[in-house]
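Here is a short report on how one protein chain packs together. Look at the structure first, then read on.

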Amino acid sequence: MKIKKETILLLAILAAATGMRILAIGSNLPCFLSLDEASYIETALRFGTGSFNMPTFFHGALYQLVLFLEYGAYFVLGRALGLFSSSTDFFLAYLKEPTSFFLLARMTAVLCGAGVVWLSYAIAARLYNLRVALAASLFTAFSLLMFQMSFLALADLPSVFLLMLSALLAVRS
(Lines give C-alpha, C1' and ligand atoms only; values in the text may rest on other atoms or scores of the structure.)
Protein backbone atom coordinates (compact mmCIF):
# COMPACT_ATOMS: atom_id res chain seq x y z
CA MET A 1 0.00 0.00 0.00
CA LYS A 2 1.52 3.26 -1.13
CA ILE A 3 0.76 6.44 0.77
CA LYS A 4 0.36 9.52 -1.39
CA LYS A 5 2.77 12.42 -0.96
CA GLU A 6 -0.15 14.80 -0.35
CA THR A 7 -1.37 12.63 2.53
CA ILE A 8 2.04 12.70 4.17
CA LEU A 9 2.23 16.49 3.75
CA LEU A 10 -1.25 16.95 5.20
CA LEU A 11 -0.40 14.75 8.19
CA ALA A 12 2.80 16.74 8.73
CA ILE A 13 0.88 20.02 8.61
CA LEU A 14 -1.76 18.68 11.02
CA ALA A 15 0.91 17.35 13.38
CA ALA A 16 2.81 20.66 13.35
CA ALA A 17 -0.37 22.68 13.85
CA THR A 18 -1.59 20.50 16.70
CA GLY A 19 1.86 20.29 18.29
CA MET A 20 2.47 24.01 18.40
CA ARG A 21 -1.00 24.59 19.84
CA ILE A 22 -0.46 21.97 22.54
CA LEU A 23 2.89 23.54 23.43
CA ALA A 24 1.14 26.87 24.03
CA ILE A 25 -1.88 25.45 25.87
CA GLY A 26 -0.50 26.06 29.35
CA SER A 27 0.61 29.63 28.80
CA ASN A 28 -0.03 31.94 31.77
CA LEU A 29 -1.75 29.28 33.87
CA PRO A 30 -2.97 29.38 36.60
CA CYS A 31 -3.52 32.98 35.56
CA PHE A 32 -5.52 33.52 32.40
CA LEU A 33 -5.37 35.87 29.47
CA SER A 34 -9.05 36.54 28.98
CA LEU A 35 -11.88 37.09 31.41
CA ASP A 36 -14.10 35.31 28.92
CA GLU A 37 -12.17 32.09 29.60
CA ALA A 38 -13.13 32.17 33.27
CA SER A 39 -16.69 33.16 32.40
CA TYR A 40 -17.17 30.16 30.07
CA ILE A 41 -15.67 27.75 32.58
CA GLU A 42 -17.63 29.08 35.54
CA THR A 43 -20.87 29.03 33.56
CA ALA A 44 -20.22 25.39 32.64
CA LEU A 45 -19.54 24.58 36.29
CA ARG A 46 -22.72 26.41 37.31
CA PHE A 47 -24.66 24.10 34.98
CA GLY A 48 -23.54 21.30 37.29
CA THR A 49 -25.66 22.77 40.07
CA GLY A 50 -28.77 22.29 37.95
CA SER A 51 -29.04 25.97 37.10
CA PHE A 52 -28.92 26.39 33.35
CA ASN A 53 -29.41 30.14 33.56
CA MET A 54 -26.88 31.96 31.43
CA PRO A 55 -25.44 35.21 32.81
CA THR A 56 -25.45 36.52 29.24
CA PHE A 57 -26.39 35.19 25.82
CA PHE A 58 -23.80 37.33 24.09
CA HIS A 59 -21.75 34.30 23.00
CA GLY A 60 -24.45 31.64 22.93
CA ALA A 61 -24.57 28.54 25.08
CA LEU A 62 -23.17 25.70 22.96
CA TYR A 63 -19.55 26.05 24.05
CA GLN A 64 -20.52 26.19 27.72
CA LEU A 65 -22.68 23.09 27.26
CA VAL A 66 -19.76 21.25 25.67
CA LEU A 67 -17.57 22.28 28.60
CA PHE A 68 -20.29 21.14 31.00
CA LEU A 69 -20.23 17.68 29.40
CA GLU A 70 -16.43 17.58 29.57
CA TYR A 71 -16.43 18.62 33.21
CA GLY A 72 -19.12 16.05 33.94
CA ALA A 73 -16.88 13.35 32.48
CA TYR A 74 -13.92 14.78 34.42
CA PHE A 75 -15.95 14.63 37.64
CA VAL A 76 -17.08 11.03 37.03
CA LEU A 77 -13.52 9.94 36.21
CA GLY A 78 -12.10 11.89 39.17
CA ARG A 79 -14.66 10.39 41.50
CA ALA A 80 -13.87 6.88 40.27
CA LEU A 81 -10.16 7.55 40.84
CA GLY A 82 -10.77 9.03 44.28
CA LEU A 83 -9.83 12.62 43.37
CA PHE A 84 -13.26 13.98 44.28
CA SER A 85 -15.56 12.54 46.93
CA SER A 86 -18.43 14.93 46.15
CA SER A 87 -19.47 17.73 43.85
CA THR A 88 -18.37 20.16 46.55
CA ASP A 89 -14.86 18.71 46.39
CA PHE A 90 -14.96 19.13 42.63
CA PHE A 91 -15.87 22.80 42.92
CA LEU A 92 -13.30 23.38 45.67
CA ALA A 93 -10.68 21.84 43.39
CA TYR A 94 -11.54 24.53 40.84
CA LEU A 95 -11.25 27.27 43.44
CA LYS A 96 -7.92 25.98 44.81
CA GLU A 97 -6.22 25.17 41.51
CA PRO A 98 -8.17 25.91 38.31
CA THR A 99 -5.35 24.84 35.96
CA SER A 100 -6.81 21.42 35.08
CA PHE A 101 -10.17 23.01 34.26
CA PHE A 102 -8.53 25.57 31.99
CA LEU A 103 -6.40 22.91 30.31
CA LEU A 104 -9.45 20.79 29.57
CA ALA A 105 -11.30 23.77 28.10
CA ARG A 106 -8.25 24.86 26.13
CA MET A 107 -7.78 21.35 24.77
CA THR A 108 -11.24 21.66 23.22
CA ALA A 109 -10.04 24.77 21.41
CA VAL A 110 -6.85 22.97 20.31
CA LEU A 111 -8.86 20.12 18.82
CA CYS A 112 -11.21 22.53 17.09
CA GLY A 113 -8.20 24.44 15.73
CA ALA A 114 -6.71 21.24 14.30
CA GLY A 115 -10.13 20.40 12.90
CA VAL A 116 -10.30 23.77 11.15
CA VAL A 117 -6.94 23.05 9.51
CA TRP A 118 -8.26 19.74 8.19
CA LEU A 119 -11.57 21.28 7.12
CA SER A 120 -9.80 24.00 5.15
CA TYR A 121 -7.91 21.23 3.34
CA ALA A 122 -11.09 19.24 2.68
CA ILE A 123 -13.02 22.24 1.35
CA ALA A 124 -10.19 23.41 -0.92
CA ALA A 125 -9.62 19.86 -2.20
CA ARG A 126 -13.29 19.58 -3.06
CA LEU A 127 -13.47 22.98 -4.77
CA TYR A 128 -10.01 23.17 -6.39
CA ASN A 129 -7.21 20.60 -6.24
CA LEU A 130 -4.80 18.99 -3.79
CA ARG A 131 -2.10 21.63 -4.17
CA VAL A 132 -4.51 24.42 -3.32
CA ALA A 133 -5.85 22.30 -0.46
CA LEU A 134 -2.38 21.84 1.00
CA ALA A 135 -1.70 25.56 0.70
CA ALA A 136 -5.03 26.35 2.40
CA SER A 137 -4.29 24.00 5.27
CA LEU A 138 -0.75 25.37 5.60
CA PHE A 139 -1.96 28.98 5.76
CA THR A 140 -4.69 28.04 8.21
CA ALA A 141 -2.31 26.05 10.40
CA PHE A 142 0.19 28.88 10.76
CA SER A 143 -2.12 31.89 10.72
CA LEU A 144 -1.30 34.00 13.77
CA LEU A 145 -4.93 34.69 14.66
CA MET A 146 -5.90 31.03 14.29
CA PHE A 147 -2.94 30.08 16.45
CA GLN A 148 -3.78 32.59 19.17
CA MET A 149 -7.40 31.52 19.31
CA SER A 150 -6.50 27.82 19.31
CA PHE A 151 -5.04 27.73 22.79
CA LEU A 152 -7.50 29.90 24.69
CA ALA A 153 -10.72 28.58 26.21
CA LEU A 154 -12.92 30.80 24.07
CA ALA A 155 -15.92 30.04 21.90
CA ASP A 156 -14.30 31.47 18.75
CA LEU A 157 -12.57 28.34 17.45
CA PRO A 158 -15.45 25.95 18.11
CA SER A 159 -17.66 28.43 16.22
CA VAL A 160 -15.22 28.56 13.30
CA PHE A 161 -15.04 24.77 13.34
CA LEU A 162 -18.82 24.46 13.06
CA LEU A 163 -18.91 27.12 10.34
CA MET A 164 -16.22 25.31 8.34
CA LEU A 165 -17.99 21.98 8.86
CA SER A 166 -21.20 23.44 7.48
CA ALA A 167 -19.24 24.86 4.52
CA LEU A 168 -17.77 21.42 3.82
CA LEU A 169 -21.20 19.84 3.95
CA ALA A 170 -22.51 22.54 1.61
CA VAL A 171 -19.79 21.97 -1.00
CA ARG A 172 -20.19 18.18 -0.77
CA SER A 173 -23.88 18.29 -1.62
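In which helix does E37 lie? E37 sits in helix 2, which covers residues 35-47. Keep in mind that the model is a predicted one.

**A buried glutamate**

Is E37 buried or exposed? E37 is buried, because its relative accessible area is 0% and buried means under 20%. Its side chain has two partners to look at. One is the side chain of R106, with a polar contact of 2.8 Å. The other is the backbone nitrogen of A153, which the side chain of E37 reaches at 2.8 Å.

**A threonine in helix 5**

T108 has its place in helix 5. T108 is buried too, with a relative accessible area of 10%. Which side chain does the side chain of T108 touch in a polar contact? The partner is the side chain of E70, at 2.5 Å. Beyond its neighbours within four places in sequence, T108 is in contact with Y63, V66, L67 and E70.

| Side chain | Partner side chain | Distance |
|---|---|---|
| E37 | R106 | 2.8 Å |
| T108 | E70 | 2.5 Å |

**The nonpolar cores**

Now turn to the nonpolar residues. The largest nonpolar core has 22 residues. Which of them touch the most other members? They are I41, L67 and Y71. Helix 2, helix 3, helix 4 and helix 5 each supply at least two residues of this core. Helix 2 gives the largest share, with 5 residues.

Take I41 as an example. Leaving out residues up to four places away in sequence, I41 touches L67, Y71, Y94, F101, F102, A105 and A153. A second core is separate and has 10 residues. Among its members are Y121, A124, A133 and L134.

**The aromatic rings**

How many aromatic pairs does the structure hold? It holds 13. One of them joins Y74 and F84. This pair is edge-to-face, with 5.5 Å from centre to centre and 85° between the planes. Y74 lies in helix 3 (residues 62-80), and F84 lies in the loop between helix 3 and helix 4 (87-96). The pair therefore ties together parts that are 10 residues apart in sequence. Y74 is partly exposed, with a relative accessible area of 22%. F84 is buried, at 6%.

Another pair is formed by Y94 and F101. This pair is edge-to-face as well: the centres are 5.3 Å apart, and the planes stand at 85°. Both Y94 and F101 are buried.

Which residues do the ring pairs link into a cluster? The cluster is made of Y71, Y74, F75, F84, F90, F91, Y94 and F101.

**Two helices side by side**

Two packed helices are described by the angle between their axes and the distance between the axes. Apply that to helix 1 (residues 5-24) and helix 6 (residues 130-141). Their axes come within 10 Å and cross at roughly 10°. Angles under 35 degrees count as roughly parallel, so helix 1 and helix 6 are roughly parallel to each other.

Which residues meet there? From helix 1 come E6, L9, L10, I13, A17, M20 and R21. From helix 6 come L130, L134, S137, L138, T140 and A141. L134 also belongs to the second core.

Terms used:
Residues numbered from 1 in each chain as written. Predicted model: local features only at pLDDT ≥ 70, side-chain atom pairs only at ≥ 80, totals over all residues. Heavy atoms only, no water. Phe/Tyr/Trp six-rings, centres within 6.5 Å; stacked < 30°, edge-to-face > 60°. Helix = DSSP H or I, 4+ residues; strand = E, 2+ residues; numbered from the N terminus. Buried < 20%, exposed > 50% of the residue type's maximum accessible area, 1.4 Å probe, protein only. Polar contact = N/O pair within 3.5 Å; in protein donor to acceptor, adjacent residues only side chain to side chain. Core = buried A, V, L, I, M, F, W, Y, C linked by side-chain atoms within 4.5 Å. Contact = heavy atoms within 4.5 Å. Axes fitted to C-alpha atoms, helices over the stretch in contact; angles between N-to-C directions. Parallel < 35°, antiparallel > 145°, perpendicular 65-115°, else oblique.
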